[in-house]
Structures are given as structure tokens and as C-alpha cells.
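Try each task before reading its solution.

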Amino acid sequence: MDSITPLFDAIWDDYMFWSIVVGAIAFGWLYHHSYFYRAKEGESPNIDDLEVGVFPKEYDNLKLEVTWTVLPFILIVWLTYISWAPLDAVWSQTGPDGYHGSECAEGQSSNNFIAANGSVISECYHEIGIEGQQWFWEFDCYDLVDELCSIDYAAVEGELKPHLMLKAGETYLATMTSIDVTHAVKNPDFGMMEDIVPGQVTYLWMPAVGETSFLMLCAEYCGDNHAYMIAQITVE
Ligand SMILES: [Cu+2]
């Protein structure tokens with residue numbers, strides 16, 4: 001995954017690694033036992049001597065049960081621990097205690113950069129608006145100058161889609177609303193995603209560090225054309 005936020009790249013790799021390890025053990029075990037302990041045609045009693053409706057208590061194995069309870073528990077604690085920093089970045093508050101400071105004054109730049117731990121740090125941020133509805137996105141640059149934020153249309157697979165152009169080195173905070181059902185903005189290159197719920201305002205950080213161009217998707221099933229609810233985002 002080619003992302004401009006290494007913090008999320010790292011956690012993607014970690015989660016993929018553990019998914020493959022756990023998947024290999026679980027499915028390996030399942031298929032092995034399904035074939036190995038299969039009753040042969042006409043065999044009676046079968047290899048396990050199982051009786052319908054009777055729990056086979058004599059096969060109880062306390063060590064095995066403790067193992068498959070304790071090991072996954074340790075793994076879950078570990079995964080929660082490594083998710084802490086990315087979650088903190090996704091839900092960073094505004095103001096001096098957050099990663100992106102307060103709203104930029106006119107003419108002020110975010111001057112964002114990637115810190116040693118992979119998270120993006122900014123001096124200040126710019127506010128933009130995103131509104132979702134079945135089945136398209138609408139952007140609002142509010143009073144930002146064109147250089148910081150501009151909107152037109154781009155052809156995506158032969159269809160015109162909204163196109164948001166942002167500036168590299170600037171950090172944006174999207175104020176998001178929906179006029180009908182629940183949607184979700186998914187920005188793969190920023191590593192972040194957040195629901196948009198009707199009747200509620202939600203927020204999403206868009207730390208545009210390096211030049212990139214990607215499709216913003218809807219990540220919450222919202223009806224027939226959910227899959228086509230896309231927009232082009234370009235950071236230059
Ligand atoms: Cu949607």
C-alpha cells in the first residue's frame with residue numbers, strides 16, 4: 001500500500017501478518033481435523049465414537065482450552081497496544097494538545113511533516129466541508145484561496161466525478177454531514193476513514209504531506225450506486 005502516512009502503513013503490515021498467521025492455524029486445524037477424523041463409509045462405531053446429542057466429555061483437554069483462550073487474548077492486547085498511536089492520530093483533538101494545532105490564520109501554512117513515529121505533525125490546519133448524499137460527494141473549500149483548495153470535475157472511468165485539489169504540506173480538517181443516509185469517507189492515501197451520519201456533524205483529518213492522487217470512496221453501504229460514490233483527490 002503506497003500511503004503518505006507511514007504510521008498507518010506499519011499497522012496495515014502488522015494486521016496483515018497476524019491475520020495470515022491466525023488464518024493459517026485456524027484453517028489448517030479445521031481442514032486437517034475435517035479430513036483426518038472423517039468416518040469411513042459404513043464404519044460403526046465411527047472413529048470418535050460420538051453419539052448424537054451427547055457431549056463427549058471424555059475428550060476434554062484443559063491445557064488445550066487454556067492455550068486457545070490465553071494466546072488469542074495476549075494477541076488482542078498486543079494489537080490494541082499497537083493501534084493506540086494510529087487511533088490517537090485519527091481522533092487527534094484540535095488545539096495545542098493535538099497533532100495539528102489550531103486553525104490557520106489567513107496566509108499561514110500548516111508546514112506539516114512526518115515525525116519519527118510516523119504520525120503527521122502540523123503547525124495549523126485548514127477547514128473544508130464534505131457533504132455526502134446518495135450517491136455523490138460535494139466538497140466545500142469555504143473561504144480558502146484556490147491555491148490551498150479548489151474544486152472541479154475529473155473523468156473517472158468515463159464518468160465525471162467531483163475533484164478536490166489540495167496543496168502538499170497542508171493539513172485539512174473536513175467537517176462532514178449527510179443529507180440522507182449514513183456514508184463514510186475513506187481516504188486510503190491519508191490512512192483515515194470516518195462515518196458521516198445524518199443529523200450529526202463528524203470530522204476527519206486530511207494530512208496532505210506529499211504529492212498524490214487517489215480516489216476517495218464511500219465505505220458504508222448506502223444503496224444501489226454505493227460503489228460509484230467516488231471522488232478524485234489530488235495533492236500537488
Ligand atoms: Cu455512500
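**Exercise 1. Where is Leu-50 placed, and is Leu-50 buried or exposed, or in between?**

Step 1. Leu-50 sits in the loop between α1 and α2. Helices (H or I, at least four residues) and strands (E, at least two) are DSSP runs, numbered from the N terminus.

Step 2. The relative accessibility of Leu-50 is 44%, so Leu-50 counts as partly exposed. Buried means under 20% relative accessible area, exposed means over 50%, and partly exposed lies in between (1.4 Å probe, protein chains only).

Step 3. Set aside the neighbours within four places in sequence; Leu-50 is then in contact (heavy atoms within 4.5 Å) with Pro-56 and Tyr-59.

A note on the model: it is predicted, local features need pLDDT of at least 70, side-chain atom pairs count only at pLDDT 80 or more, and totals for chains, interfaces and linings use all residues. Residues are numbered from 1 along each chain as its sequence is written, and side-chain values use heavy atoms, with hydrogens and water left out.

**Exercise 2. Which protein donors hold the copper ion, and what is their arrangement?**

Step 1. List the donors (N, O and S atoms within 2.8 Å of the metal, or 3.2 Å for Na, K and Ca; water is not among the atoms, so sites may look incomplete). They are His-183 (ND1), Cys-218 (SG), Cys-222 (SG) and Met-229 (SD), at 2.0 to 2.6 Å from the copper ion.

Step 2. Check the angles. The four donor atoms subtend 95 to 122° around the copper ion, so the arrangement is tetrahedral. Four donors count as tetrahedral if all angles lie between 85 and 135 degrees.

Step 3. Read the spacing in sequence: H-x34-C-x3-C-x6-M.

Step 4. Check burial. Cys-222 has 5% relative accessibility, so Cys-222 counts as buried. Met-229 has a relative accessible area of 0% and is buried too.

**Exercise 3. How many aromatic pairs does the structure hold?**

Step 1. The structure holds six aromatic pairs. Rings of Phe, Tyr and Trp (its six-membered ring) pair if their centres lie within 6.5 Å; planes under 30 degrees apart count as stacked, over 60 as edge-to-face and the rest as tilted.

Step 2. Take Trp-29 and Trp-68. Their ring centres are 6.3 Å apart and their planes at 75°, so this pair is edge-to-face. Trp-29 belongs to helix α1 (residues 6-36) and Trp-68 to helix α2 (residues 62-90), so the pair ties together parts 39 residues apart in sequence.

Step 3. Take Phe-190 and Phe-214. This aromatic pair is edge-to-face, with 5.2 Å centre to centre and 85° between the planes. Phe-190 is buried, with a relative accessible area of 0%. Phe-214, at 6% relative accessibility, counts as buried.

Notes:
Four donors count as tetrahedral if all angles lie between 85 and 135 degrees; four count as square planar and six as octahedral if opposite donors are over 155 degrees apart and all others between 65 and 115; anything else is irregular.
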